[in-house]
Each structure stands twice: as structure tokens, then as C-alpha cells.
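Hi everyone, thanks for making time.

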Amino acid sequence: MNMKKVLSIALAGMMCLGLLAGCSNGTTTASTTPDDTASTAPTQEQTATLSGVVNTDGSTSMESVMGVLGESFMEMNPDVTVNYNGTGSSAGITAAMDGTADIGLASRDLKDEETGVTQITVAKDGIAIIVNPQNPVADLSVEQIAQIFKGEVTNWSELGGSDGQIVPIGREAGSGTRDGFESITDTEDACKYQNELTSTGEVIANVASNPNAIGYASLSAVDDTVKAITVGGVAPTEETVLDESYPIQRNFNFIISDSKELSDVAQAFVDYATSADASDLIAGAGAVPLA
């Protein structure tokens, strides 16, 4: 009898150990399930990744600014493409109106009749008055500039320069640079251009190749092939544009449709371009950041 009791107790103990081991294995299996589930869920970084295309269209004067902004934004977001099409400010506004571009680009403010869209000012820009580097004339007043482009002053000798017929060069109708220049100098519908060109680069190239030429161009695009003169004694610089002491200046604007909501990636690009993070890039492109 005693031996049977001993065997019964031993068997009972072995059964308890087996039950405990089974419970232990069940607990371990259950604890791994949440970890496996968590590893398949998207991380915050993954859900925030941007992808897609942002189509911009408009002002050729904004080419340098759009170049640096687009390049920087694409570097931060490798799955994003920012396209730029330089067609002129009026065409860019129309592209935003009809939805063929996500963002229109205008180097002028909207006119009263241009409705259904909203402008967002990204930067300010001086419109530089440029002459050939060989031209000794270094300063003109706004009034003298107006007289030149209206054909009332036709020889550089009348302005303290060398004897030579003045060749006024401007932009085509619909250009934001032309609109800004003519509005500020009060020469709308009165300019007598010898050449009307379709891009800022063409104006600069023409002035650079003609000692008697004068034109206007976005400060952000001016290079050392031409000379930007002072206007009323004030040079076109970032500081003088920002404090508005330089008289010939305008806004660089994004044009957004009121009826078509921006895609997430287009909205993110707008937010980036108007943030303080983009200020150094805008300044490096020759324009004046507002953020």
C-alpha cells in the first residue's frame, strides 16, 4: 500500500509539471503575436512619403527661382517630379484657370478680370534696367526711362552718353515683366520697341550684343553680360527691393485655382516654397524671399 501511494504521488507530480510546461508554451506563443503584427504595420515615415507630379506653368522670369525650389523639393522627396514650363505670366494664369497646370506662375499681380484663381506671393523681384557694358550711362530716372521707351528721347548723347541711336528692347504682350515695367513707368500701350522678345534670356542676349540697346529684365536673371543701371540713384538689390526704395519692382506669385483642390503633393510644394526653409534658395536665385 505504501509503495502504491508513493507511485500515485509521483505520477500526480509529473502530470502537474506537464500542465505547467503546456501553459508556459501557450504564453510564449501569445506574446509573439503583437510583435509580428506591429512589424507589418506602416511606420509614420512610410505613411508621410510624398509621390506624384507637380506641373507649373507661366513666368519665364521665375525660371531661376522655380529651378532651385523644384530641385530642392525633389531631393527631399525622391518620388516627386516638379515640372516647369515657361510660357509667360498670362499663359500661366490661364493654365491655372483651366486646370492644365497645378500651379500657375505670374511675375505680376492678378488683374480685376482674372477671376476664379488666387495668387500667393512667394517672393519679390526688382525689374532691372539693363544696358550694354560698353555704355557709359550708369543712372537714369524713371521719367527718363519712360521717355526712352516712348521714343521721346532717341539718342544716348541726350542722356550724357556717346552718340548713338537708342535701341529699346522689350518683352512680348502678356509678359509679366512687361506688364510690371509699363505699369510702373506709366508707359502702357505707348512703348516703341525695336524688338519684342518672348523670354528674359533673349532680352539679356540682345542687350549684351548691341552697344546701343536698353531693355528690362528680372533682377534674378541678370548676369555679367549686361549692366544693370541705378534708377534715381538706387541700385536694384535684394535690400532695396525689400525696403521698396528701388522703384521698379513686382511680385513673384503662385496662381491657384479656386475650384480645383490641390493634390497633396502640390500643396506640399506650395507650403515648402512659402516657408522659411526656402528663403536661402530664393535669395540665391536672385529674388527676395518674404518668409
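Predicted model: local features only at pLDDT ≥ 70, side-chain atom pairs only at ≥ 80, totals over all residues.

Let's start inside. The largest nonpolar core has 28 residues, and those touching the most other members are Leu 69, Phe 73, Ile 103, Phe 254, Phe 269 and Ile 282. Where do those residues come from? At least two residues each are supplied by helix 3, strand 2, strand 3, strand 4, strand 11 and helix 9. Helix 9, residues 264–273, gives the largest share, with 7 residues.

Beyond its neighbours within four places in sequence, Phe 269 is in contact with Val 54, Met 66, Leu 69, Gly 70, Phe 73, Val 82, Ile 103 and Phe 254. There is also a second, separate core of 24 residues, and Val 153, Phe 181, Ile 214 and Val 241 are among them. As general background, nonpolar side chains in soluble globular proteins tend to be buried together.

Now to helix 3, which runs over residues 63–76. For those of you who like a geometry check, here is one.

Which residues of helix 3 are buried? They are Val 65, Met 66, Leu 69, Gly 70, Ser 72 and Phe 73. These residues lie on the same side of helix 3, because they cover an arc of only 165 degrees around the axis. The general rule behind such patterns is that an α-helix has 3.6 residues a turn, so residues three or four places apart point the same way. And what does the buried side of helix 3 meet? Its buried residues pack against strands 1, 2, 3 and 11, and against helices 9 and 10.

Let's move to strand 11, residues 249–257. Of its 9 residues, 9 are buried. Strand 11 pairs with strand 4 in the antiparallel sense over 9 bridges, and there Asp 125 stands opposite Arg 250. Strand 11 also pairs with strand 3, again antiparallel, over 3 bridges. In strand 11, Phe 254 has Leu 105 opposite. That is the Phe 254 we met among the core residues touching the most other members.

Last topic: charges. How many salt bridges does a search of the whole structure find? There are 8.

Take Lys 111 and Asp 179, whose side chains meet with 3.4 Å from N to O. They are 68 residues apart, with Asp 179 in helix 6 and Lys 111 in the loop between strand 3 and strand 4. Lys 111 counts as partly exposed, because its relative accessibility is 34%.

Next, Lys 124 and Glu 244 form a salt bridge, with closest N and O atoms 3.9 Å apart. Lys 124 sits in strand 4 and Glu 244 in the loop between helix 8 and strand 11, so the pair ties together parts 120 residues apart in sequence. Buried or exposed? Lys 124, at 13% relative accessibility, counts as buried, whereas Glu 244, at 55%, counts as exposed.

Finally, Arg 178 and Glu 196 form a salt bridge at 2.8 Å between the closest N and O atoms. Arg 178, Glu 182 and Glu 196 are linked in a network of salt bridges.

Terms used: Residues numbered from 1 in each chain as written. Heavy atoms only, no water. Core = buried A, V, L, I, M, F, W, Y, C linked by side-chain atoms within 4.5 Å. Buried < 20%, exposed > 50% of the residue type's maximum accessible area, 1.4 Å probe, protein only. Helix = DSSP H or I, 4+ residues; strand = E, 2+ residues; numbered from the N terminus. Contact = heavy atoms within 4.5 Å. Arc of directions from axis to C-beta. Salt bridge = Lys/Arg side-chain N within 4 Å of Asp/Glu carboxyl O. Pairing = 2+ DSSP bridges.
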